[in-house]
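Trainee: I've got a new model open and would like to go through it with you. Can we take it one piece at a time?

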Amino acid sequence: MLDEYSRGHHKASPDRQKQSGGSDDLVALSYSSKPAQKFSRSDIRKLLHQARTNNARLDVTGVIVIGRSRIYQWLEGPASAIDEVMSLISKDPRHSDIKILDRKDISERLFGPWTMLLATDRQNRHTIPEDAVPVPRGVVTGNLNDLPVDEALLRDIALRAQAETQPPFEAISTDVAGLKPQAILDLQSDQFAESLKARLNSRLEAPNVDKWERAAAALTTLLLEDDYDAVEHFLRSMSDRTDDPLALQVSLLEQSERRLGDLWYNDLYTDYEINVALAEMIRALRAVNVKALPLWRAPGPSPHVLVISQPGEQHMLPAVLDAEVLWQQGWSPTLEFPKRDKDLQRMLSENWYGALDISLSGVFRRQERLTGVANTVEMAREASANNNIVITVGGRAIYEDRSLLIQLGADALVPSANEVETAIEDAMRRSGQ
């Protein structure tokens with residue numbers, strides 16, 4: 001358990017609890033400064049201990065963000081106390097080039113439980129104390145200029161810190177991720193909590209669904225922490241707890257995809273970081289399933305399915321998941337990533353396929369590409385050597401709106417890779433194949 005200084009916690013005094021509900025004298029001040037010298041981990045600990053001791057005495061709370069070249073602090077408390085803290089900081093030789101970014105009255109504290117919370121981006125993880133709350137690369141520390149930092153970002157830091165003080169997901173083995181608290185806790189923010197409520201496949205129903213949601217949050221965090229060994233270990237560990245490992249992996253990976261999208265939509269991560277995480281998902285999936293064997297199917301030719309990403313789609317994970325599920329179920333999928341409709345047209349005209357499974361991104365909503373998908377479906381029917389080919393379509397846009405079937409001209413929609421086999425089988429049955 002973290003001690004009271006490890007996250008800057010102190011028990012709130014009656015006065016602070018009263019102020020947290022609102023006070024005319026409660027103010028917030030933010031400033032940035034340049035370290036007079038390069039801080040070591042020991043230097044940062046000393047700075048934090050001194051700040052937390054002074055702040056506890058003065059009833060001041062806040063957060064300090066350690067960047068590569070500047071320090072940012074948000075302080076909140078009684079006006080006289082804030083003035084005293086800033087007076088001490090202005091005389092501290094460890095700070096130079098101090099810039100006051102903002103000072104204003106506030107009705108409640110953002111960091112009420114913390115005398116001084118420590119946060120940093122992961123570029124400093126080798127020199128920053130282990131108890132620091134991670135923040136997205138460059139989102140906060142990249143904006144330490146003459147402008148106040150968006151309070152929504154500060155609120156996200158507070159939410160992350162709150163999540164890390166809650167009990168860890170009980171089903172995760174204690175050696176996962178080397179006991180990194182931030183990697184095994186649900187960092188779910190109220191900014192996008194509703195969009196992270198993933199619908200689980202019936203095969204994954206459990207008495208406490210929150211466990212699976214929190215597991216997906218843990219997986220997402222490991223991916224964004226670039227802790228690739230832990231990602232694979234995590235999938236293996238979770239798979240050992242179910243009779244249908246692949247179904248569980250699909251559910252966790254798809255939920256993590258949508259979480260990545262929500263983080264991107266909220267400007268918390270970049271395209272590059274999202275794409276790196278997706279590539280790691282594919283690697284981990286194949287590593288975990290490298291020895292998997294397909295199920296036995298009745299004698300006779302197995303359905304031959306062409307599984308593709310929509311031509312031009314960069315995100316490959318949905319197609320990889322569909323192909324993995326079909327293969328382990330005993331089908332004969334061919335996985336391709338055509339760059340243009342013309343490439344797909346050639347594949348379909350030169351080979352016989354019983355079905356074509358098309359995927360859009362599982363991260364982004366891609367509504368603007370739905371017209372292109374409809375055109376691809378129409379072209380595929382005309383080009384296919386099989387005049388009775390079945391076409392299914394999946395992706396995040398499909399997950400969020402199942403009424404798209406008629407608009408896209410497909411035979412079935414695939415909201416999850418766990419449903420791809422059923423979707424194709426039902427469509428083939430209806431078409432007489």
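Predicted model: local features only at pLDDT ≥ 70, side-chain atom pairs only at ≥ 80, totals over all residues.

Trainee: Let's get the overall picture. How many helices and strands does the protein chain have?

Mentor: Start with burial: of the 433 residues, 55% are buried. Among contacts with a separation of 6 or more, 76% join residues 24 or more positions apart. As for secondary structure, the count is 14 helices and eleven strands.

Trainee: Now the inside. Which residues touch the most other members of the largest nonpolar core?

Mentor: Nonpolar side chains tend to be buried together in soluble globular proteins. Here the largest such core has 50 residues. Helices H5, H6, H7, H8, H9 and H14, along with strands E7 and E11, each supply at least two of its residues. The members that touch the most others are Leu219, Phe234, Leu252, Leu260 and Ile424.

Trainee: How many residues are in the second, separate core?

Mentor: Among its members are Leu356, Val377, Ile389 and Ile391. The count for that second core is 25 residues.

Trainee: On to the rings. Are Phe111 and Trp114 stacked or edge-to-face?

Mentor: The chain has four aromatic pairs, and in this one both Phe111 and Trp114 are buried. Their ring centres are 6.2 Å apart and their planes meet at 65°. Planes over 60 degrees apart put a pair in one class, so Phe111 and Trp114 are edge-to-face.

Trainee: How far apart in sequence are the parts that the pair of Trp264 and Phe364 ties together?

Mentor: This pair is tilted, at 4.6 Å centre to centre with 50° between the planes. Trp264 belongs to helix H7, while Phe364 sits in the loop between E9 and H11. The pair therefore ties together parts that are 100 residues apart.

Trainee: Of those two, is Trp264 buried or partly exposed?

Mentor: Phe364 is buried, with a relative accessible area of 9%. Trp264 has 28%, and the buried class stops under 20%. That makes Trp264 partly exposed.

Trainee: Which residue lies over the face of Tyr265?

Mentor: Tyr265 forms one aromatic cluster with Trp264 and Phe364. Elsewhere, Arg258 lies over the face of Tyr399, 3.7 Å from the ring centre. For Tyr265 the distance to the ring centre is 4.4 Å, and the residue is Arg365.

Trainee: Where does Asp59 lie?

Mentor: Asp59 also has a positive phi, near 65°. With a relative accessible area of 12%, Asp59 is buried. Asp59 lies in the loop between helix H2 and strand E2.

Trainee: Next, which side chain makes a polar contact with the side chain of His95?

Mentor: His95 lies in strand E4 and is buried, at 10% relative accessibility. Beyond its neighbours within four places in sequence, His95 is in contact with residues including Tyr31, Leu47, Ile71 and Ile89. The polar contact, at 2.9 Å, is with Ser33.

Trainee: Which residue has its backbone oxygen 3.2 Å from a polar atom of the Asn418 side chain?

Mentor: Asn418 is found in the loop between E11 and H14. Its relative accessible area is 9%, so Asn418 is buried. The backbone oxygen at 3.2 Å belongs to Ala247.

Trainee: Last one: what distance separates the C-alpha atoms of Glu257 and Thr220?

Mentor: Glu257 lies in helix H7 and is buried, with a relative accessible area of 3%. Its contacts beyond four places in sequence include Leu278, Met281, Leu321 and Val363. Thr220 is 37 residues away along the chain, and the C-alpha separation is 8.1 Å.

Technical notes:
Residues numbered from 1 in each chain as written. Heavy atoms only, no water. Helix = DSSP H or I, 4+ residues; strand = E, 2+ residues; numbered from the N terminus. Buried < 20%, exposed > 50% of the residue type's maximum accessible area, 1.4 Å probe, protein only. Core = buried A, V, L, I, M, F, W, Y, C linked by side-chain atoms within 4.5 Å. Polar contact = N/O pair within 3.5 Å; in protein donor to acceptor, adjacent residues only side chain to side chain. Phe/Tyr/Trp six-rings, centres within 6.5 Å; stacked < 30°, edge-to-face > 60°. Lys NZ or Arg CZ within 6 Å of the ring centre and 35° of its normal. Contact = heavy atoms within 4.5 Å.
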